[in-house]
Amino acid sequence: SGSRSPLPSVQCYYLNDIVTTPSPSYITLTADLQNGGGYKILWQYQTSGGQWNNCPTDLLHPNNVGESYVIYPEVEQGQESVWNGNVATIRACTTSNTSPPYSYNGKLQDTISLYKVYDGGDGAAGADGADGKPASIVFLSNESIAFPANTQGVTRTDITETCNVVAYTGTEKVTPTVGQLRSSVAGIALTKGSAVNHEIPITITVPAGSTLGSSGQVTGTINVPITTPVETELVIHWAKLNQGETGEDAVIFTIYAPNGDVFQNKTGTLPLTVMAYKGKVSIVGDATYQWSKFSGGSFVPIVGATAATYQVSGDTVEGLATFQCAMTYDGHTYLATYTVEDKTDNYQATIESTAGDVFRNTSDETYLSCRVWQNGVEIDPLKSANMTTATNPVGNEGNFYYRGMPQTDETRLMRYSGTAWQDVTNNDEYKHTLTYKWYRRNKNGESIDTTPHCTGKVIYIQANDVDTKMVYVCEVE
């Protein structure tokens, strides 16, 4: 058994695309392990694939075991980096090893995220990948809290915890907009305070005598929806620490995510694994399990999910998803819940024209294309820069071009099969993956279309389509 103090608030480096000297020059993380049974603290970082690796040891990082670890924004060439792009996810966990190689012993852990935030600068890599506009991030100062309870799983005293919602646009700290707070169980009072230094405080209060769901439930979540500067939903995880009966070993049952609990853009899989102890002895082979997923207001059993580990697929997580495991042991059923989330990077869309934005003498034409960016990477890019309304270009097999349709303003995506050009606009293998809907506004700014004027990543515009001025708006799904 043991307890831990939370790691410090999520911290950021401030970087500018022109002046690349970061501030601060390093960040020191410190963990406080109390009643830890003689364990040491091991520092690990999460890879892009969701795995946990031991943090590197080198001249900048003399050790990865101890109460503190120093993070630098850059490392020397050839050295191992804890950064995954502009994010570093670090955890302090316990190890039973007395000498290298060190490994996590599955007992205690706490996680913190660090970010590099950039000024818009000149659009260099690191801003947001397009037009030099600064990216926005939002995070919680503390994502995990614990409530002590008695042997019946009832809180003994009033408990109040606070965490802050913090947001940046570029390197400027901004005030986030927080929506309606939601708890996975009754008995938790949630209060959203006024901004202090641009941070929104969230106060979590549990009165004495609360069971927080049921006496057997020991974990849960609090959802914190955010609408600005980005639209996302953050999650606070809580755990209930039940005291054992006098003369009897307490049964501790919880769920943890050994490879992390955050998906990136709904990709990959992450395991959820139960951890159960009677006293200090692990419960292995003497219990049965049933996993459920929260859907439609209740937990729905997952067919076939009866092992101690359940693999969650990222494509099943819409923002966040809450799972529950029921463990039956020695005639009693114990419940634990865990929430995973998907941090889908925000999209930015820009419209480009092949011939500028001015028609002369009503004889010109242009193609408008909608380009979409996500975390600095273009999504669903153009298949070709070749666009024409006249003759089909000669090309090899696999070449594409866009054929304008003057009657509808739409274009057709054409692909050369090796013997002929074929329309593959709606072909599942070759078509664009996103959906584009175009609307128009006239010279007075009034909307012309109640339904999409046309669809497609690229549209074809002629001068006679425009009466003095026309504004084209593209919605992307």
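Which residue in strand 13 is the bridge partner of Ala167? I looked it up in the model, which is a predicted one. The partner is Val174.

**Entry: strand 12 and its neighbours**

I stayed with this hairpin. Strand 12 and strand 13 (residues 172-174) pair in the antiparallel sense, over 3 bridges. I found 2 residues between the strands, and Gly170 has a positive phi near 60° in this hairpin.

Next I followed strand 12 (residues 159-169) to strand 10 (residues 136-140). I counted 5 bridges there, again antiparallel. Leu140 stands opposite Val165 of strand 12.

Then I checked strand 17 (residues 200-206).

I picked Tyr289 and found its bridge partner in strand 27, Met327.

**Entry: nonpolar cores**

I had a general point in mind: in soluble globular proteins, nonpolar side chains tend to be buried together. So I went to the cores.

The largest nonpolar core has 27 residues. Which members touch the most others? I noted Phe253, Ile255, Leu272, Trp291, Phe323, Met327 and Val340.

I then asked which strands supply at least two residues each. My list is strand 20 (251-256), strand 22 (269-278), strand 24 (288-295), strand 27 (320-329) and strand 28 (332-342). Strand 27 gives the largest share, 5 residues.

I also found a second, separate core of 25 residues. Its members include Cys163, Val206, Ile222 and Trp238.

**Entry: confidence**

Last, I checked pLDDT. The chain average is 78, and 83% of the residues score at least 70. Where is the pLDDT below 50? I marked residues 1-11, a stretch with 41 contacts in the model beyond near neighbours in sequence. I marked residues 13-19 as well, where pLDDT stays under 50. For residues 13-19 the model has 36 contacts beyond four places in sequence.

Conventions. Residues numbered from 1 in each chain as written. Predicted model: local features only at pLDDT ≥ 70, side-chain atom pairs only at ≥ 80, totals over all residues. Heavy atoms only, no water. Core = buried A, V, L, I, M, F, W, Y, C linked by side-chain atoms within 4.5 Å. Buried < 20%, exposed > 50% of the residue type's maximum accessible area, 1.4 Å probe, protein only. Helix = DSSP H or I, 4+ residues; strand = E, 2+ residues; numbered from the N terminus. Pairing = 2+ DSSP bridges. pLDDT = per-residue confidence, 0-100. Contact = heavy atoms within 4.5 Å.
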